[in-house]
Structures are given as C-alpha cells and as structure tokens.
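Biologist: Please show me the structure, and let us then discuss it in questions and answers.

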Amino acid sequence: MVFAVEEINRSPRLLPGVTLGYHIHDSCALHPWATQAALSLVSGGGSTCDPAETPQDGSGESYGKGVPLIIGGASSKTAMILSNVLGPLSMSYQSSCPCLSDRRRYPNFFRTIPSDIYQARAIARLAIHFKWTWIGAVVANNDYGLVAVKVFQEESEGSGVCLSFVETLNRENIVNDARRAALAIKASSARVILIFTWYTDVRELFLQLAQLNVTDRQFFASEAWSTSGDLLQHPVTAKVASGVLGTAIRSSPIVGFEDYLRSLTPSRRPGDYILRDFWETQFACTPRLSDGTIASDHTASPPLCRGNESLQGVDNLFMDTSQLRQAYNVYLAVYAAAHALHDSLNCPDSFSGDGSSACSSPANVKPVELMQRLNEVNFTTPQGERLYFQGADIPAKYDLVNWQKSPDGSLKLVLIGRVDGYEILMNDTAVQWHSGSSQAPASTCSEGCPPGSRMAIRKGEPVCCFDCIPCGEGQISNMTNSPNCDRCPLEFWSNEDHTVCVLRQLDFLAFNETLGITLTAVAVSGTMVTTAVFVVFIYYRQTPVVRANNSELSFLLLLSLNLCFLCSLLFIGRPAVWTCRFQQAAFGISFVLSVSCLQVKTIVVLAAFRSARPGAEALMKWFGPSQQRGSVCVFTCIQIIICIIWLSLSPPQPKPDYDTPGLKVTLKCDMISVVGFSLVLGYIGLLACTCLLLAFLARKLPDNFNEAKLITFSMLIFCAVWVAFVPAYISSPGKYTVAVEIFAILASSYGLLFCIFAPKCFIILVRPERNTKKYLMAR
C-alpha cells in the first residue's frame, strides 16, 4: 500500500498537486481490534495492538483527522462489521464472501477480490471439463465453505456431476473433524476431492490422510490454500497431495516493487515497526535509526547492526515478488481510491443546485462523493489491466495453479492457466496429476455407458450412480451415457451393437434356399408321381379297377391333385401382386375340385348300394355320369364365385411384416380380408367333413373292393392335416407361415394320392389277377 501511495504521489497525471497520506493499523487478526482500529481511523484517534503505541502517518507524525476510506479488513467477517458500523467507505482486498455483493446490506463496500461464487463456478466448469462426475467435498463450516459447495452443485447441476460426500471442518474441533473427513475420503470411491477451507485446516487433514495411508486422491484447492507456502514445504504434503490443482487469487507483477522492497532500511523509515522487527529477525541485530537512536522495543535486544546490512542479497518469501496476489489486490485498491479521488477533485464545471461547487476539496473529501466516483471509475493500471466495479465487485479473474514435483522431490507452484469471467484458458498438457501422469484421472461413481446401452439410475442413489442396460431389440443409443434408447423407425432395425438403425432386409421363402429347394422338390415329385399314376390309368383304362366307380372322376381327381401340387409352387419366391392374388385362388379351387370328386364318388357308392335293394332301382337314375359331372362342376363353381368376390373386393397384397421383430422383415401376402380367406378354407372344410361323413357310412359295404374305405382314410388324413394347420399357421413366424401352408397343401395332396390310388396301382401293376370284375364284386 505504501509503495502504491508513493507511486501515485510521483505521478504527474494522477492527482496532480495533491499528496496522498495514509495510516496503517494492525488488526492482530481479531474482529474487535479491527473494529477499534477502524473507528479510530474515522474519528481521527489512534489505536494499535499495543495501546501504548501512537499511530503515525507516512511522515511519522501523529494525526487527528478522520479518513474517508479504509482499505480492509482482511476477512469477510471483519468487512461485514466495518461496513455495518462505518459511514465512510471500506474497500477489501481479501473479503470474498458472496454476501458482500448485496448493495442493500453493504452499500458502502467495495473489493478488489472476486466473490467466491465465481471461484466455485470456475471449479464446477473444470470438473465438467475433466469429466469428473463423482467428487468428494471437504469444506469449512462457515459461509466460505457452505456457500461454495452450494454454488458448485448449482453450477454443475444437469451436467452429471454429483457429490459423493460433504464433510465440514470446525476450527475449534479441527483434529476430530479432520479425522472424520479423512475416513470419509478413504471410504469413498471418489478419486477427486474438493477442499474449500483455510490452509491450517488442510494441513491437519493431510496429516490424518497420511496416517491412514491415503495417497491416491486428486485434490482440488480453493484460493484459501492453493498457494500456501506452508503446505508446499510441509513434508507430508508431497506424500499425500502432489499434483494439487487449484484456483488462486490472480497474480501480476508490479514494476519496481522488488527494487523498492530491497531498498528499505529502518534508518529511512523510523516509524515502520514491522520493518524494524523484520530487520532484527533477518540480520539478528538491532538497527540504528538516522538520528543515532537504537530501534528496538525489546528488553533483551540483539547486538547493534554495523550499518552495512542490506536486503539486496536476501532471498526469502518476503522478497519474492514473482507471484503477488493479495499484495496486488491492495495495489489495485489504492489505485481505485486514487482515481475516485481524482474524479472527485477534478470537476471545475460541476455545480450543485444552489450554485456551489459539487466537487470535494482536498481538505474535506466526502465519503458519499467518493463512493459515487468509485461506482464510475474505469481506468487502466500501470500493469495494463482494465479496472472497473460492477456493484461492489470487479470482474472475476483467477489463476489456475498446479503443485508439481521438482527433480529433488519438493513441490513447486506452477501457473497452468487463468480464469477470466466465464472463460477458462488452460493448457491441459501442462498439468501434472497426483499419479505423475499428464492424463487427467477419472472419478466416476459408475463407468460410462457405451453406445448401445442406456443409464438406469440406481434406486436411492445419486444420478451419477447407475447401471448400464443394453438397448432392446429395435432400439439404439449412439452416444455415451445416453439416458434412454431411441426406437428405430418402422422400416429400420438396430444393428448388432444397437448403435445405428439400418434398413431392414426383406425376407421371403426363396427357391434357392434349403427350405425352398426341399418344398419345391417335394411338390415336383408329387406332380411326377401323380402324372405317372395318370399314365398308368390311361394305359389300363379298360380294366375293371380303373372303370370301377366312374373312371372320369378318377382322371379328374388326378388332374386336380396335379393342380394342388403345382399351386404350392406359387407360394415360393418373392411375393408379387399377381402371385398373391392367384396363389390363394388356385389353392382353394384345386382342393375343392379334388374333394368334390371324392364326395361324388362316395355318393355314387352309396347310391349303387341302395339301388341293389328291392324297389330302389330308380335311385341310380339320379346319379348318372351327367349328374356326377354336374355335381362336381356346381361344387367347384361355388368356390370360384367366393374367390372372385374376395379378390375383387379385398385381394391379398404383398406387404412387409414390420410387426415381426428382427433385422429381416418377411415380405408376405397380407390377408387384408380375413373373412374372404376364412370362407375359402371354410368351404373346403365343409366339403371335406361331408365327404368324410358319407364315406364313413359307406365303409362296410359288402364288396371285395370298396372304394369308400379308401376315401374314408384319405379324408381322415386330409382333415387331420388342415385341423393342425390352423394353429401352426397362426404361431409360425415370418416366412415359416408360408412354409406351413405349403406343407399342409403337399401333405393333404399326398394323402389323397396315396390313399386313393396306391391300392389300385398295386392291383394293376403287382396283382393283375385281381383286376377282374368277378374279384372286385366278390363279397
């Protein structure tokens, strides 16, 4: 402060013709002493730690006039007291409590240190930057710590950052509290620990951590201890807390300040008690003043100094001006006050309403006028920094520091970046972490969920603690830690990793796949066998076995069975509009034709048996060949009419079955009208049941070759196949639905073919001696 005042007094542009004075009091780090000292300053009295001492101004003379502005006190508590009890202004260089920004409560307060809110926000943004989502916090049990941790949580809310624990430290019970906090750090899975408290509390915490052998945590420091030389030089710190990353009060060099310090001597500053004590401690001698008196207040004084002692060669913390932090804040406070005073005095054209000058005079500076000018100051310091106030505060600026190990094992403070308002400028690669690596440590409650999965919050735990649940079928997540899985559009499906939606592949029963080849081979074989039987019957058409029970119906039945085998091929291959319409019609008509032939055959057998009874000769007249052909035609035409109406109103259409899960989508003939398909199947079932009933009634007719028995067996197989078809068809997935229908067609066709024609072919080809009318008519 003295250096800044003397520098301003030498300036030709700032306060020309005006000399600044000052009074310095020691508050002894006690609130009552600070209050007493402040009251003495504003009243013009004097008070120090030693009541016997009389404070002096810069010239060494006593004073009796009050001051308009006080720079201090050092702590937020002291600043609150001073602002509440004083009328004049107070400007603090170290009071960082956010509460002091409230202009309604503290209208006459200014400070050159940022509010702790900005520090906590910067730390939260750094935690987000390094992807630290699981952090422990140890804070002082006062506004400094509690407000900071609250602001940290608010700033990081929504970014997935959680606090594993919050431990508070009370200075009155620091040993027990530090032990409790150390145990919490050891028990927690958080690898990054945020500490917002005074450096003496941190020292005790490090001692407790060393006793517990906790050496693998990364500490994040607040400005209260991030630059503590005491901690940097403590032997336990290097073991427990190397690689500390922290925010610090911004530093700036002050040109000429080091030369000024090294030029100080007690002889030139006889009223500077601090310098005298320092001189005795540094050189172990009692300094002589310029008037020859001995500058010592101690009864047992050290020997007299020779007079050639100098601070030029002294190397200690007091002479180190490389990182001026609180000192630079004091420097800024003095310059802000000087500029405000300059503006108050330099207004010759300003007049009050009554015609008098509104400017303050050097002999009577009004605090109210000075406060107004402080609100308006906007200047550039000799270091090139722009300074202005926003309410009680200046724009927030911090240094980012890192504790790095030197080759000799000691710790040194390294500047790695800066915080300017909301902007963070930092070189990540310059950071040396606690592990010695340049790679930032991870600190998470749960490992990140990879793409293809989603986070599921554990019940009763913070949002940072979660389980990773794989996305379901048809769902994807394409980013890490996705809160949910997105369902793919209807035409798409998830890939194997559930990270991308891919276009679904159309699938159908193709001719070139194993199942398609097998069914095609079975169908073609059935056609060939049926054709072979047809040829045999043509060749032996004059034999009794062929001619029995209307050979025309037998040939028509063989033709319809050929159609049944061939229509199954329409179900194989890529569905198209014409195949979807034709396949069901061909299937329905072919089977109705087959069953109609069998039904008419059964009716003929029953009619022939009844006509053999006395008085029933005329019965066969109603079942002659014309009537048989007409009956088959009528039964078949009914099915044709059903198919025409169905296909005209609501025909099947080729449509992908997107309702079936999977990457492959079955392209099938969609039955838009279930009623039409049900009528086709129902009509076939009605004829089959009727035929079975008639054949069952005629099964015991007294002929050696009773065709009704063959029809009974064939219809039993036919009905069994189609009764089993319905549930199998409904429950089969994808293209296997088509395969089930083809199997039912082929199975029922083979059943009719073998049950009806196998016995006849056996007699024709193997036992020709039985192919006689006499044998067939025998009982």
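Biologist: Is Arg111 buried or exposed?

Modeller: This is a predicted model, in which local features need pLDDT of at least 70, side-chain atom pairs count only at pLDDT 80 or more, and totals for chains, interfaces and linings use all residues. Residues are numbered from 1 along each chain as its sequence is written, and side-chain values use heavy atoms, without hydrogens and water. A residue is buried under 20% relative accessible area, exposed over 50% and partly exposed in between (1.4 Å probe, protein chains only). Arg111 has a relative accessibility of 0%, so Arg111 counts as buried.

Biologist: With which residue does Arg111 form a salt bridge?

Modeller: A salt bridge places a side-chain nitrogen of Lys or Arg within 4 Å of a carboxyl oxygen of Asp or Glu. For Arg111 the closest N and O atoms are 2.6 Å apart, and the partner is Asp393.

Biologist: How many residues apart are Arg111 and Asp393?

Modeller: Helices (H or I, at least four residues) and strands (E, at least two) are DSSP runs, numbered from the N terminus. Arg111 lies in strand β3 and Asp393 in the loop between β10 and β11, and the pair links distant parts of the chain, 282 residues apart.

Biologist: Is Asp399, which meets Arg325 in a salt bridge, buried or exposed?

Modeller: The N to O distance of this pair is 2.8 Å. Arg325, at 6% relative accessibility, counts as buried. At 0% relative accessibility, Asp399 also counts as buried.
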